[in-house]
Amino acid sequence: VTAHVLQTSPHLVLLSRSFYHTRIKPLLARWLLLWLALHSRCGLSDAAVTAYLLHQEWPKEGSVRPDRVDDEMMKLLNLGSELLSSIIPLALSKVNRVSYGVLTDPQLTAERMADPTAPKSRA
């Protein structure tokens with residue numbers, strides 16, 4: 001917050017995409033890796049899956065065989081990568097500035113005088 005990368009009012013808002021990609025995205029990728037490990041088996045190392053989630057690229061070194069990943073797991077990896085790269089930062093950067101229409105006392109009195117038959121729940 002003090003570095004002006006997050007805003008806390010009216011709710012948590014992401015102000016810096018670079019902060020998200022360097023600090024938050026790797027943490028979320030680790031959580032997503034845990035979820036994927038619980039729900040699917042792919043035979044890839046954690047490092048390879050994390051690299052794909054973060055960059056949508058397979059690591060150059062090692063014996064990664066992405067052609068052996070089944071369709072369901074590949075869809076989950078692509079969805080996870082899209083979630084981390086686009087959807088979450090977009091959702092975190094949206095500011096909700098909705099006013100809930102709380103009336104002041106003079107406005108409330110004026111409304112009641114204008115329509116005395118209106119239900120109390122409208123005021």
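## Basis of the model

The model is predicted: local features need pLDDT of at least 70 and side-chain atom pairs count only at pLDDT 80 or more, while totals for chains, interfaces and linings use all residues. Residues are numbered from 1 along each chain as its sequence is written, and side-chain values use heavy atoms, with hydrogens and water left out.

## Overall fold

Four helices and two strands make up the secondary structure, where helices (H or I, at least four residues) and strands (E, at least two) are DSSP runs numbered from the N terminus. Their order along the sequence is β-β-α-α-α-α.

Of the 123 residues, 24% are buried; buried means under 20% relative accessible area, exposed over 50%, and partly exposed in between, with a 1.4 Å probe and protein chains only. The accessible surface is about 9200 Å², and carbon and sulfur atoms account for 57% of that surface. These areas come from the Shrake-Rupley method with a 1.4 Å probe, and for residues only the protein chains shown count as cover. Among contacts (heavy atoms within 4.5 Å) between residues at least 6 apart in sequence, 53% join residues at least 24 apart.

## Helix α2 and T50

Helix α2 spans residues 46-55 and includes T50. T50 has a relative accessible area of 18%, so this residue counts as buried. Beyond its neighbours within four places in sequence, T50 is in contact with A29 and L33.

## Packing of α2 on α3

The axes of α2 and α3 (residues 71-93) come within 7 Å and cross at roughly 50°. The pair is therefore oblique. Axes are lines fitted to C-alpha atoms, for helices over the stretch in contact, and angles run from 0 to 180 degrees between N-to-C directions. Under 35 degrees counts as roughly parallel, over 145 as roughly antiparallel, 65 to 115 as roughly perpendicular, and the rest as oblique.

On the α2 side, V49, Y52 and L53 meet M74, L77, N78, G80, S81 and L84 of α3. The residues of this contact comprise six nonpolar, three polar and no charged. Here Ala, Val, Leu, Ile, Met, Phe, Trp, Tyr, Cys and Pro count as nonpolar, Asp, Glu, Lys and Arg as charged, and the others, Gly among them, as polar.

## Q56 in the loop

Q56 lies in the loop between α2 and α3. Its relative accessible area of 40% makes Q56 partly exposed. Most residues other than glycine have a negative phi. Q56 is not a glycine, yet has a positive phi of about 55°.
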